[in-house]
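Please read it alongside the sequence and coordinates.

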Amino acid sequence: MSNSHSDTIPLHPSSQSDIDEIENLINASVQSGPATVLPARPPSPPRASIPVSSSPFIQSKIPPPPPQSSSSSNHKVPSVPAAPPPPPPVGNSSSIVATGFGPPPNTLTEPVWDTVKRDLSRIVSNLKLVVFPNPYREDPGKALRDWDLWGPFFFIVFLGLTLSWSASVKKSEVFAVAFALLAAGAIILTLNVLLLGGHIIFFQSLSLLGYCLFPLDIGALICLLKDNVIIKMIVVSVTLAWSSWAAYPFMSSAVNPRRKALALYPVFLMYVSVGFLIIAIN
Amino acid sequence: MSPLNLQIRTFKRFLHRVHKGRSLVELNLLMMLMADTFSKPAGGSQPGSGEPQGSGWFRTFTIAAYKPYFDVDTSDIIDRLKESLFPFRGTFTEKTATNPDLYGPFWICTTLIFVAASIGTFVTYIAHKLKKKEWDYDINLVTWSAGVFYGYVTVVPLILYVILKYFSAPSGLVQLFCLYGYSLFVFIPALCLSVVPLEIFRWVIAGVAGFMSATFVALNLKAHINSAGERWFLIVTGIFLLQLALAVVLKLYLFTVTV
C-alpha cells in the first residue's frame, strides 16, 4: 500500500493505528473473496446474489461481466451470459466485511426444496425466538438480525383465512377487513414508534409484529373448531395476553421510557381488536 | 493506482479530517455511511436525518416533517385527556398552542372506531339473542365508523380553518386537529355506558356526551376568536350544533336495533 503523505495532514498517533487496522481488514477480506459492498446487515445463511465474481475492488482476472451496481446483493438476477467461474468459497469471516453471501451459483442451482427448507427453518427459528423467548438463550438479538417477511405474511393470510372460514356471511369482506387491519396496523404501529422518536428499523419491526400474531392464529384456529362462547373468550384472552407479552420487549426498548406507554398502547389496541374480531365472527 | 488503493486513501483522508475535527458535515456523512452499512439502528430508516431537509412539496411525505407533532410524553397526553373532560374551562387551546400533537387525535379516533364497532356489535348481538333470533356479524360497522370518525376529524377542522382565515381570526391547522381530536374523547366512556339496554338512558347519555363535547369545542374556539377581536357568535354556534349532530347520528346508527 503506498501512502502519499503530500495530501494528508499529520495524524494523531491513535488514529493511525485505527486506520491501519481497517486497512488490514479490508486487505484480508479482499484476498479471501469478492466483497462488493458492505451489506446493510450480516445475513447468516448464504443468500442468493448476482453471480458476479468480480467487484470494483479487485483487479479481475476473470472475463468481466457487465457492470453491476454494487449494492444489489440480494436480488436474483438472470445469470450473466458469459458465466464466470465460481469465486473461491467464502466463509463468515471478519465482522466488518461480511462475506456471508456464500458461493452464489450454489443457491441458484440448488434444488427448490433446499431453498424452501432454508426459508422454513428460518421462519421456525424466528418464531421460537420471538414467541417462545428463552431468557437464557445465548444470542437475544438473533431474531432481530435475521428478520424476514415470509413468516408474517403466512400468519396474516392464515388469520384472514381462518376468520373468513368462520364467518357465515360476507366471507370475502371479512377476509379483506382482517387483512387490511393487520397489514395497515403493523405499518401504522411502526410509524407510530418512529414518529415518537424511537429507534427501530422499519421492516424489522413489521417482521416482529407479524411473528407476534402467531398466538392469535392458534386462538383463531381453536375458535373455528369449538363453538362455545365461553371457551372462545377464554382462549382469545389467553392468546391475546401471550401476543402482547411477546411484542412488549421489542416495542418498549425502542422508545424513550417516558413514552413507553404511548408506543405500547396501540399494539395492545390492535391485538384486542383482532381478538374481538375472532370472538365475534362465528 | 488500483481502485482499492484509491478507496483506502479516500477513507484515510476522511478519518484524518474527522480526527482533526475539521468538518462536522463530513463527520456526519461518515457516520451515516457507517450506520447504514453496519446497520446500527441509530436514526433507523432515515439516513437523511442529519442533513438539511429536502425542499418543496415532497417534504410532506417524509417522516421527519411530522415528528414535531409527536413530541409528547405519556404525562402530557394524560393531562390533555383530563383537560378535555372539563369543557367549561376553555383553556385547552392555550395549553396546546405551543405544542399541538397529532398522536392524541389519531389514536383517540382509532380507539373510538374500535369501541363503536364492538359496542354496536355487542348491542345487536344481545338484542337478537334476547329474542332468540339469528344473528350475523355486520362487518360494515367497522368500515362505517372508520369513515365517520376519520372523516369528521379531518374534514371539519379543514373547513373551519378556511372559514377562520376568511374571518381574520387565523388558527393553526394542527391546533384545530388537536382540538377536535381531543373533543371526541368523551364519546369513549359514553359509548361504553350505552350498553345498558334502556332507550331513555341511551338518549340521556348521548345528549350529555354530545353537549360536553360541543361545549368543549365551542368555548375553546370562542376564547380563540375573542382574542383575535372578532365576532364569534355565528361560527361558534355552528360548530356547537355540528358536534351535537355527530352525537345524535352515532346514537341513531349504532343503537337502533331492528330485530
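## Basis and burial

A residue is called buried when its relative accessible area is under 20%, exposed when that area is over 50%, and partly exposed in between, using a 1.4 Å probe and the protein chains only. On that basis, 43% of the 282 residues of chain A count as buried, and 41% of the 259 residues of chain B do.

The model is predicted, so that local features need pLDDT of at least 70 and side-chain atom pairs count only at pLDDT 80 or more, whereas totals for chains, interfaces and linings use all residues. Residues are numbered from 1 along each chain as its sequence is written, chains are lettered from A and ligands numbered from 1 in the order in which they are written, and side-chain values use heavy atoms, with hydrogens and water left out.

## Confidence

The scores of the model are ipTM 0.72 and pTM 0.67. For pLDDT, the predictor's confidence in each residue on a scale from 0 to 100, the mean over chain B is 79, and 78% of the residues of chain B reach 70 or more.

Where pLDDT is low, the predicted coordinates should not be read in detail.

## Architecture of the chains

In chain A, 71% of the contacts with a separation of 6 or more are between residues 24 or more positions apart; in chain B, 71% of the contacts between residues at least 6 apart in sequence join residues at least 24 apart. Accessible areas come from the Shrake-Rupley method with a 1.4 Å probe, and for residues only the protein chains shown count as cover. The accessible surface is about 14500 Å² for chain A, with 69% belonging to carbon and sulfur atoms, and about 13600 Å² for chain B, again with 69% belonging to carbon and sulfur atoms.

## Buried sites in chain B

Helix α3 of chain B (residues 74-84) has Thr74(B), Ile77(B), Arg80(B), Leu81(B), Glu83(B) and Ser84(B) buried. Their cover includes α10 (260-280) of chain A, as well as α4 (92-96), α5 (103-130), α7 (173-183) and α9 (199-227) of chain B.

Ser213(B) is placed in helix α9 of chain B and is buried, because its relative accessible area is 1%. Leaving aside residues up to four places away in sequence, Ser213(B) touches Ser183(B), Val186(B), Phe187(B) and Gln243(B). A polar atom of the Ser213(B) side chain lies 3.0 Å from the backbone oxygen of Ser183(B).

## A nonpolar patch on chain A

Phe158(A), Leu161(A), Trp165(A), Leu221(A), Leu224(A) and Leu225(A) make a nonpolar surface patch of about 570 Å². Helices α5 (150-166) and α8 (214-225) of chain A each supply at least two of the patch residues. Phe158(A) belongs to helix α5 of chain A, and Phe158(A) counts as partly exposed because its relative accessibility is 30%.

Such patches are made of residues with over 30% relative accessible area and no salt bridge, in which nonpolar side chains (Val, Leu, Ile, Met, Phe, Trp, Tyr) are joined within 5 Å and like charges within 9 Å. A salt bridge here is a side-chain nitrogen of Lys or Arg within 4 Å of a carboxyl oxygen of Asp or Glu.

Key
Helices (H or I, at least four residues) and strands (E, at least two) are DSSP runs, numbered from the N terminus. Contact means heavy atoms within 4.5 Å. A polar contact is a pair of N or O atoms within 3.5 Å; within protein, one must be able to donate a hydrogen and the other to accept it, and residues adjacent in sequence count only if both atoms are side-chain atoms.
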